[in-house]
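I opened the model to look up selected residues and the strands around them. My entries follow in the order in which I made them.

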Amino acid sequence: MQKMIFTSNPVFIFMSVLFLLNGCATQPYGNFIQNPSLATSKAMADDVTAQLMRLYPAANTQFNLRHTVNDPFGHALIENLRLEGFAVQERINSDNSLFVSRILMGDSIPDIAINHETDGASQSTGLALSYIIDQSGDLYHVNITIDDTRLSRAFVAQADSVHPAGLWVRKE
């Protein structure tokens, strides 16, 4: 009998498993709204902040972002959380590291790359926070993940603002 190729080749099986695991581990996070307005983003961030204040003590809670923030909602959320007394650890890619130049520091000091990403030890002191924002017509969906807890809420766009279209849903 002829053996099938994928059962007789352990390298093929190993590569297939790695490919499948990689697909499961790379969840996209962030804002997926095309051209989000500042007012809409700020209104949704204000509502998310109010919900997080109901669930977590501000002075004793640190949120560690799982992904980089490069959208109006994320910036508004971080600002709101910090204003309310939460500690927020942002994630900055190593591509965005700050470089201190020899011109500023003098010729005797070499270039220094300062990476703002935290190591695993300091990440454990807070709660992992990520978000997904998407849109379907006039309906916006906000999904916040904090460690293993998911918070979701829909918002409806009316005129130049957004309003909650339902209650917060919490899944643990």
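I first listed what Phe 73 touches, taking contact as heavy atoms within 4.5 Å. Not counting residues up to four places away in sequence, Phe 73 touches Asn 31, Ser 41, Met 44, Ala 45, Val 48, Tyr 131, Ile 133, Val 142 and Ile 144. The model is a predicted one, in which local features need pLDDT of at least 70 and side-chain atom pairs count only at pLDDT 80 or more, while totals for chains, interfaces and linings use all residues. Residues are numbered from 1 along each chain as its sequence is written, and side-chain values use heavy atoms, with hydrogens and water left out.

I placed Phe 73 in helix H4 (residues 72–83); helices (H or I, at least four residues) and strands (E, at least two) are DSSP runs numbered from the N terminus. Phe 73 counts as buried because its relative accessibility is 0%; buried means under 20% relative accessible area, exposed over 50%, and partly exposed in between (1.4 Å probe, protein chains only). I also checked the pair Phe 73 and Tyr 131: they are 58 residues apart along the chain, and their C-alpha atoms are separated by 9.7 Å.

I then turned to Arg 153, which lies in strand S8 (residues 149–158). Is Arg 153 buried or exposed? Arg 153 counts as buried, because its relative accessibility is 13%.

I looked for its polar contacts, defined as pairs of N or O atoms within 3.5 Å; within protein, one must be able to donate a hydrogen and the other to accept it, and residues adjacent in sequence count only if both atoms are side-chain atoms. The side chains of Arg 153 and Asp 47 make such a contact at 2.7 Å. A polar atom of the Arg 153 side chain also lies 2.8 Å from the backbone oxygen of Gly 166. Among the residues that Arg 153 touches are Tyr 140, Val 142, Pro 164 and Trp 168.

Finally I traced the partners of S8, where two strands pair if DSSP finds at least two bridges between them.

- Strand S7 (residues 139–146) pairs with S8 in the antiparallel sense over 8 bridges, and Tyr 140 stands opposite Phe 155.
- In the hairpin of S7 and S8, with 2 residues between the strands, Asp 147 has a positive phi of about 50 degrees.
- Strand S9 (residues 161–164) is antiparallel to S8 over 4 bridges; Phe 155 has Pro 164 as its bridge partner there.
- Strand S10 (residues 169–171) pairs with S8 in the antiparallel sense over 3 bridges, and Val 169 is the bridge partner of Ser 152.
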